[in-house]
Amino acid sequence: MSEGKAGFQLGTVGALSLSVVSSVSIVICNKALISTLGFTFATTLTSWHLLVTFCSLHVALWMKMFEHKPFDARAVMGFGILNGISIGLLNLSLGFNSVGFYQMTKLAIIPCTVLLETLFFRKQFSSSIQFSLIILLVGVGIATVTDLQLNVLGSVLSLLAVLTTCVAQIMTNTIQKKFKVSSTQLLYQSCPYQAMTLFIIGPFMDGLLTNLNVFAFKYTPQVLFFIVLSCLISVSVNFSTFLVIGKTSPVTYQVLGHLKTCLVLAFGYVLLRDPFSWRNILGILIAVVGMVLYSYYCTIESQQKTAEASIPSIQSKEGEADPLIGVENGTSLLSDGAVARGPVWDSNKDLHA
């Protein structure tokens with residue numbers, strides 16, 4: 001394995017680890033903020049997260065920790081606004097649906113992403129990958145889905161939330177590859193649009209869902225401390241989200257999201273003594289099996305693609321000795337441009353990244 005490949009794998013593992021640790025940390029922080037202290041303004045809090053993230057990246061840019069790389073302004077604006085809308089729709093989906101139906105909405109993101117990538121990007125998912133994803137979804141469904149109560153408005157909001165979330169995550173990957181920008185560069189340029197969108201719609205949506213006014217809330221020192229802590233952790237959450245999707249794929253990011261859900265459930269049982277049943281344990285175990293299979297099959301297929309890609313390069317090197325052979329065979333090296341938080345108000349009113 002070359003140094004470049006080794007470096008990429010190391011970076012991917014680091015991105016996945018950072019995403020898990022930061023997301024679980026912010027859930028713990030926001031559980032104290034929302035459930036214990038009564039600050040239930042999830043969408044407005046998310047707008048503050050993005051604003052702090054932008055300010056932090058601006059400081060990093062000033063310190064020359066990364067290079068600013070402007071590109072298509074319309075693409076950045078559309079991407080940022082779409083991201084903000086998807087976060088708002090997910091929060092509305094939870095507000096107008098039962099917890100069980102909201103969990104089904106989150107589960108629907110994976111098959112919807114697979115369908116969109118297959119239809120519009122012609123990406124192929126092997127039967128092994130599909131099988132592992134089905135096991136994962138069944139496990140998460142057993143562990144998290146409870147009651148299913150349907151209503152027309154809630155169903156429409158859930159459908160819009162799924163579609164906008166899938167498109168936004170696919171765009172995260174495709175924009176980085178198309179314009180050759182890093183996750184940091186894309187996050188820096190899209191953050192203001194995401195923050196502005198949520199800052200405008202946040203107070204209205206939170207008021208609609210909670211019948212409370214975010215500006216009339218009593219901000220005690222304890223509440224302010226957890227808000228600041230949540231915003232600081234969100235910098236890592238937002239950065240790792242873009243990093244993971246850029247290095248892997250939107251589907252892998254969703255699989256990682258379900259892993260975080262299982263970890264949060266387990267954490268709540270072990271440390272916070274949350275209600276836990278054998279159904280939760282069985283669901284988590286099945287989901288873990290699905291994740292392990294997904295990782296295994298992805299690794300096997302990645303190794304196969306690497307081996308296949310090395311064959312043309314070997315043939316081209318052999319043809320260098322005789323230029324005529326290279327011309328007659330038309331040897332060329334092709335590379336596949338495979339297309340690989342929002343924060344969500346979860347079932348226990350936890351705010352996810």
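A disulfide is a pair of cysteine sulfur atoms within 2.5 Å. This is a predicted model, where local features need pLDDT of at least 70, side-chain atom pairs count only at pLDDT 80 or more, and totals for chains, interfaces and linings use all residues. Residues are numbered from 1 along each chain as its sequence is written, and side-chain values use heavy atoms, leaving out hydrogens and water.

**View 1. Cysteines without a disulfide.** A search of the whole structure finds zero disulfides. The closest cysteine sulfur to that of C231 belongs to C29. The two sulfurs are 8.8 Å apart, too far for a bond. C231 is buried, at 6% relative accessibility. C298 is partly exposed, with a relative accessible area of 28%. (Buried means under 20% relative accessible area, exposed over 50%, partly exposed in between, with a 1.4 Å probe and protein chains only.)

View 2. Helix α4 covers residues 99-120. (Helices are DSSP runs of H or I, at least four residues, numbered from the N terminus.) Its 22 residues should span 32 Å, and its end C-alpha atoms are 32 Å apart, which agrees. (The expected span is 1.5 Å times one less than the number of residues.) α4 bends by about 25° at I109. (The bend is the angle between axes fitted to the seven residues ending there and the seven starting there.) A proline, P111, follows within four residues. After α4 comes R122, with a positive phi near 55°.

**View 3. W62 at the surface.** W62 lies in helix α2, residues 42-62. W62 is exposed, with a relative accessible area of 71%.

Methods. Helices (H or I, at least four residues) and strands (E, at least two) are DSSP runs, numbered from the N terminus.
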